[in-house]
Amino acid sequence: MNELSVPAPRKLGVRLLLMLLLAVAFQLAASLLLCVAVVQVILLLATDSANGRLKLFGRSLGRYLAQIADFECFGTESLPFPFNEWPASDALSGF
């Protein structure tokens, strides 16, 4: 019989420290996402097309932000990067 194993919750002090560190990482990643968006707009104006690599990076950065938000709101016990792998971005159509 297959049973799903649920990870044991962390001690509150450890979780609070991790939440604080990830909140700082969230702010840095959100600022980086803003920079990516500005560069994409500039490239779109200059070349009439957005950069494909920046599209992929922006998508994976958005998934990273979602993983942090999920951990911060007690939605999961799974830690995001740098404690786990960087979230992969799916291949975009037309790239």
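Q: At what angle do H1 and H2 pack, and how far apart are their axes?
A: This is a predicted model. In it, H1 and H2 pack at an angle of about 155°, and their axes are 9 Å apart.

Q: Parallel or antiparallel, then?
A: Roughly antiparallel, because angles over 145 degrees are classed that way.

Q: And which hand does the crossing have?
A: The crossing of H1 past H2 is left-handed.

Q: What is the secondary structure of the chain as a whole?
A: The chain has two helices and zero strands.

Q: What share of the chain is buried?
A: Of the 95 residues in the chain, 22% are buried.

Q: Turning to H2, which of its residues are buried?
A: The buried residues in H2 are Gly 52, Leu 56, Gly 58, Ser 60, Leu 61, Tyr 64, Leu 65, Ile 68 and Phe 71.

Q: What covers them?
A: The cover over the buried residues of H2 includes H1.

Q: What caps its N-terminal end?
A: Asn 51 is the cap of H2 there, with a side-chain oxygen 2.8 Å from the backbone nitrogen of Arg 53.

Q: Where is Leu 54, and what does it contact beyond its sequence neighbours?
A: Leu 54 is in helix H2. With neighbours within four places in sequence left aside, Leu 54 is in contact with Val 36, Val 39, Gln 40 and Leu 43.

Q: How far is Leu 54 from Ala 37?
A: Leu 54 and Ala 37 are separated by 17 residues in sequence, and their C-alpha atoms are 8.7 Å apart in space.

Q: Now Arg 15: buried or exposed?
A: Arg 15 has a relative accessible area of 3%, so this residue is buried. Arg 15 belongs to helix H1, which covers residues 12-47.

Q: Which residues are in contact with Arg 15, leaving aside those within four places in sequence?
A: They are Arg 10, Phe 71, Phe 74, Thr 76 and Glu 77.

Q: Where is Phe 74, and what is its phi?
A: Phe 74 is found in the segment after H2. Its phi is positive, about 65°, although Phe 74 is not a glycine.

Q: Is Phe 74 buried or exposed?
A: Phe 74 counts as exposed, because its relative accessibility is 51% and the cut-off is over 50%.

Q: What about Asp 48?
A: Asp 48 also has a positive phi of about 65° and is not a glycine. Asp 48 is in the loop between H1 and H2. With a relative accessible area of 68%, Asp 48 is exposed.

Q: One last topic: which residues does the cis peptide bond join?
A: The cis peptide bond joins Phe 81 and Pro 82, with omega about 15°. Pro 82 is in the segment after H2. In general, most peptide bonds are trans.

Notes:
Residues numbered from 1 in each chain as written. Predicted model: local features only at pLDDT ≥ 70, side-chain atom pairs only at ≥ 80, totals over all residues. Heavy atoms only, no water. Helix = DSSP H or I, 4+ residues; strand = E, 2+ residues; numbered from the N terminus. Buried < 20%, exposed > 50% of the residue type's maximum accessible area, 1.4 Å probe, protein only. Contact = heavy atoms within 4.5 Å. Polar contact = N/O pair within 3.5 Å; in protein donor to acceptor, adjacent residues only side chain to side chain. Axes fitted to C-alpha atoms, helices over the stretch in contact; angles between N-to-C directions. Parallel < 35°, antiparallel > 145°, perpendicular 65-115°, else oblique. Left-handed = near helix turned anticlockwise from the far one by under 90°.
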